[in-house]
Protein chains: 2
Amino acid sequence: MRVLALLDGTTVDPETPLVRVDDLGLLRGDGVFETVLVVDGRPRELGPHLDRLARSAAMLELPEPDRSGWERCVDAVINNWTGDRQMALKLVLTRGAEYGDGTPTAFAMGLPIGEKVLRQREQGISAVTLERGIDPGLAERAPWLLLGSKSLSYAVNMAALRHAAKLGADEVIFTASDGTVLEGPTSTVILVRGRTLITPPANIGILPGTTQAALFRAAERSGWSIKVEPVRTSDLTDNDGVFLVSSVRAITRVNSLDGQQLGDFSALHAELTALYESEY
Amino acid sequence: MRVLALLDGTTVDPETPLVRVDDLGLLRGDGVFETVLVVDGRPRELGPHLDRLARSAAMLELPEPDRSGWERCVDAVINNWTGDRQMALKLVLTRGAEYGDGTPTAFAMGLPIGEKVLRQREQGISAVTLERGIDPGLAERAPWLLLGSKSLSYAVNMAALRHAAKLGADEVIFTASDGTVLEGPTSTVILVRGRTLITPPANIGILPGTTQAALFRAAERSGWSIKVEPVRTSDLTDNDGVFLVSSVRAITRVNSLDGQQLGDFSALHAELTALYESEY
């Protein structure tokens with residue numbers, strides 16, 4: 001089950017070729033995307049996702065996304081979905097055809113959530129730290145590196161996940177050259193210390209997390225403290241819980257890091273998941 | 001005038017959508033490419049370009065490119081080309097559709113060479129140095145960063161060129177965090193000192209240049225010395241010539257760097273261009 005829709009609200013067969021070979025999204029990875037979780041026909045954090053799509057587009061100097069078009073397109077996918085209760089909804093915006101009329105390419109695609117992700121949500125994951133090769137000041141110093149944008153140029157993120165698999169791990173936590181913790185290839189890192197949730201600040205060159213923000217909102221309302229501050233690699237093994245969160249994976253606990261078993265975070269996982277779910 | 005061909009040697013209308021929205025080349029920048037210069041129906045350095053396509057594919061763990069298919073596809077474009085004497089021939093290989101049968105997407109596209117590039121070949125360019133945010137040891141330490149692969153994830157290269165344009169410059173020379181000179185977003189850096197040509201080594205995380213290799217081959221035969229060794233940012237203003245070379249731009253002299261006028265490299269440009277052309 002897949003549903004593909006365009007900004008005018010029409011749906012298209014997802015197996016029909018839709019994109020020209022000179023699309024700059026294809027030739028140059030020159031575009032942006034978002035992945036939204038939809039549960040029982042309701043998209044979660046759609047506003048923040050569309051805000052972030054606009055922010056990424058601005059970083060790439062793409063035209064400002066047509067917000068009402070995106071809302072129409074999202075509705076079209078949801079209204080035509082007859083699959084499982086949960087859907088991953090991908091929004092893609094590219095600079096369009098190099099030899100075209102300048103119209104951006106834009107579509108939304110509803111996809112089933114894979115068995116593996118559903119299992120990882122329940123059972124947690126193993127992760128390895130991998131160097132991302134940047135320093136935390138770089139994003140502000142060098143905006144042309146697009147650090148913290150959700151661009152279509154994700155070959156490195158995919159290669160890092162393949163590298164992790166070769167090391168026997170499910171996931172990656174990227175670190176900066178000075179040992180600062182960054183993010184996962186498609187997720188945000190959250191640490192727990194007592195009744196405090198901690199996540200690294202976006203200005204070190206990482207993506208501000210929509211799921212992390214939703215969880216922090218719910219946690220703060222329930223009496224947790226929240227901190228957005230630099231995290232060191234050593235902090236990853238000196239805490240009361242480590243989680244990778246993203247729209248599709250939700251709150252996933254990290255069971256082992258670089259081959260070392262971490263604590264049993266299952267009670268904490270249940271508590272944070274309940275907090276996150278209480279938002280919807 | 002554009003000509004699009006597939007690996008089976010058939011040609012397709014380049015304006016007809018050919019690519020599915022779930023192609024991983026589009027969704028993840030997960031693929032590789034090459035750009036070959038074709039003059040009077042003869043592709044230059046096709047062997048080295050296909051070698052480098054295979055090398056990039058291996059770095060991304062894509063299936064090994066079907067070499068005879070690529071040769072057939074290149075022939076098809078050239079045989080159907082009725083445009084100018086010179087053509088830019090782009091070869092694109094992606095991981096294929098995420099929900100497909102695992103077949104890679106592969107095509108070659110012949111394109112005219114823009115007026116701007118032709119003018120820059122004659123008149124030279126202005127360049128700015130921009131930090132790439134990596135250190136020279138990173139490529140060997142962290143293969144998952146795909147440094148030195150010609151992947152489709154080129155959003156940063158395009159953003160750097162836009163940043164240069166805002167600074168009033170035509171081109172970019174990327175530098176490493178320790179001041180080592182890397183490469184242009186789509187070109188190789190060559191320095192001249194007396195009768196010696198110098199270019200940085202590929203193992204610092206840059207693409208080995210096909211045009212640079214052809215020029216060095218011709219130069220060595222004509223009595224020049226050639227060196228492949230680290231270049232410092234300060235070397236860019238302390239030399240007898242600075243050039244950016246690539247298949248489509250050929251040998252282009254750098255007239256100014258970071259707003260500072262460099263020497264007049266036009267005689268040297270003529271000499272190096274004649275050397276390079278003597279290869280064909």
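Reader: How many residue pairs are in polar contact across the interface of domain 1 of chain A and domain 2 of chain A?

Author: A polar contact is a pair of N or O atoms within 3.5 Å; within protein, one must be able to donate a hydrogen and the other to accept it, and residues adjacent in sequence count only if both atoms are side-chain atoms. Here the rule finds 13 residue pairs, both residues at pLDDT 80 or more. This is a predicted model, where local features need pLDDT of at least 70, side-chain atom pairs count only at pLDDT 80 or more, and totals for chains, interfaces and linings use all residues. Residues are numbered from 1 along each chain as its sequence is written, chains are lettered from A and ligands numbered from 1 in the order in which they are written, and side-chain values use heavy atoms, with hydrogens and water left out.

Reader: Where do the two domains of chain A run?

Author: Bounds come from an automatic or database domain assignment. It gives domain 1 as 3–113 and domain 2 as 118–277. Contact (heavy atoms within 4.5 Å) takes 25 residues from domain 1 of chain A and 21 residues from domain 2 of chain A. Their C-alpha centres lie 25 Å apart.

Reader: What area is buried between domain 1 of chain A and domain 2 of chain A?

Author: Buried area is the accessible area (1.4 Å probe) that two parts lose on being put together, summed over both. For these domains it is about 1,900 Å², with 59% from carbon and sulfur atoms.

Reader: How many salt bridges are counted between these domains?

Author: A salt bridge puts a side-chain nitrogen of Lys or Arg within 4 Å of a carboxyl oxygen of Asp or Glu. The count is 2 between domain 1 of chain A and domain 2 of chain A. Elsewhere in the list of pairs, Glu45(A) bridges to Arg217(A), with the closest N and O atoms 2.9 Å apart.

Reader: What does the interface of chain A and chain B hold in salt bridges?

Author: The rule finds 6 salt bridges there. Glu61(A) forms a salt bridge with Lys166(B), at 2.7 Å between the closest N and O atoms. Polar contacts between chain A and chain B come to 23 residue pairs, both at pLDDT 80 or more. About 4,800 Å² is buried between the two chains, and carbon and sulfur atoms give 61% of that area.
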